[in-house]
Amino acid sequence: MTGAKLPRGTRAVVPVEACDPGSFVGEGGRVRLPATEEGAFVRRAGSDIAAGEELAPAGAPVTPALVGALASQGIGEVEVVRAARIVIVTGGAEVTARPAGPATIPDANGPMLRALAARYGIGVAAHVRTSDAPDELEPQVREAIAEHAPDAVVTSGGISHGKFEVVRQVFRQGWYGHVAQQPGGPQGLSRFAETPVISLPGNPISTLVSFRTYVAPLLGHAPEPILAPLACDVAGLEGREQFLRGAVKHGALRPIGGPGSHLLAQGAQATHLIRIPAGATLRAGELAAAYPL
């Protein structure tokens with residue numbers, strides 16, 4: 001039967017349905033076999049993995065296939081690195097979970113950050129929604145840290161040069177500045193209640209790009225960038241690297257939607273971030289780095 005140990009010296013296995021008749025016969029019955037190649041349906045010991053080979057290198061994600069492979073070798077337990085856990089902070093006085101009037105907008109970044117964290121193997125311990133009041137945000141974050149002991153706090157928005165940048169007012173022990181990229185120029189790093197705080201810009205695409213390029217490789221499992229030819233000419237920006245949303249079609253990278261950091265719907269079908277070096281003009285067919293989303 002399928003999966004049974006084969007007798008020593010077995011040259012091939014012929015499925016019963018390929019014989020004539022195509023079903024099992026009684027003792028003493030006659031069966032005609034078709035021509036069969038040597039090795040057909042023979043699964044030799046060690047053909048999947050040989051004795052002494054490494055099955056799961058350190059740092060390998062524990063995928064469903066790896067769980068099955070470990071079980072197939074009789075391995076019931078392995079030592080793993082605990083997934084990082086974060087508290088996310090989104091909001092602003094005008095940003096609400098549900099729009100309540102013409103002066104409010106839905107919180108797109110909160111659900112997006114949850115989805116990004118899940119995509120890259122990071123747990124979300126809590127979600128704090130902030131107004132523009134520092135005296136409200138500070139105790140909320142302190143309570144979330146005390147209750148959940150996260151590895152980091154990840155904020156979105158509130159770090160630019162406005163008068164009421166609530167994140168900068170609460171997380172004062174750190175650095176805030178601009179990196180030479182678009183989107184995702186404003187960034188911040190600080191510490192609050194002995195917990196690292198990673199502050200991302202608030203425009204949705206800026207949040208997405210920053211999480212993928214900075215947070216995911218640090219706290220989760222982010223695929224390495226690939227090199228693929230461009231499907232069209234692309235001109236970069238002077239003095240800033242650019243991350244375009246795009247997808248691989250017919251073996252080539254093609255940008256999707258506009259470059260604006262607010263164009264979330266236009267980037268919804270993107271599968272990669274295409275990195276264009278500062279000041280470069282890349283021609284169709286030239287290789288570009290692309291970060292899988």
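A residue is called buried when its relative accessible area is under 20%. In this predicted model, both Phe-243 and Tyr-291 are buried.

**Aromatic pairs**
- The model has two aromatic pairs.
- Phe-171 and Phe-192 pair edge-to-face, with 5.3 Å from centre to centre and 85° between the planes.
- This pair links distant parts of the chain, 21 residues apart: Phe-171 is in the loop between helix H4 (166-170) and strand E6 (174-178), and Phe-192 is in strand E8 (residues 186-192).
- Phe-171 counts as buried because its relative accessibility is 0%; Phe-192, at 6%, is buried as well.
- Phe-243 and Tyr-291 also pair edge-to-face, at 5.9 Å centre to centre and 70° between the planes.
- Phe-243 lies in strand E12 (residues 241-249) and Tyr-291 in strand E16 (residues 287-292), so this pair ties together parts that are 48 residues apart in sequence.

**Nonpolar cores**
- The largest nonpolar core has 22 residues, of which Ile-86, Leu-116, Val-154, Phe-211 and Val-215 touch the most other members.
- At least two residues of this core come from each of strand E1 (85-91), helix H2 (109-119), strand E5 (152-156), strand E9 (195-200) and helix H5 (204-219).
- H5 contributes the most, with six residues.
- Another core lies apart from this one and has 17 residues, including Leu-137, Ile-145, Val-166 and Phe-171.

- Val-67 sits in helix H1 (residues 64-72) and counts as partly exposed because its relative accessibility is 44%.

Notes. Residues numbered from 1 in each chain as written. Predicted model: local features only at pLDDT ≥ 70, side-chain atom pairs only at ≥ 80, totals over all residues. Heavy atoms only, no water. Helix = DSSP H or I, 4+ residues; strand = E, 2+ residues; numbered from the N terminus. Buried < 20%, exposed > 50% of the residue type's maximum accessible area, 1.4 Å probe, protein only. Core = buried A, V, L, I, M, F, W, Y, C linked by side-chain atoms within 4.5 Å. Phe/Tyr/Trp six-rings, centres within 6.5 Å; stacked < 30°, edge-to-face > 60°.
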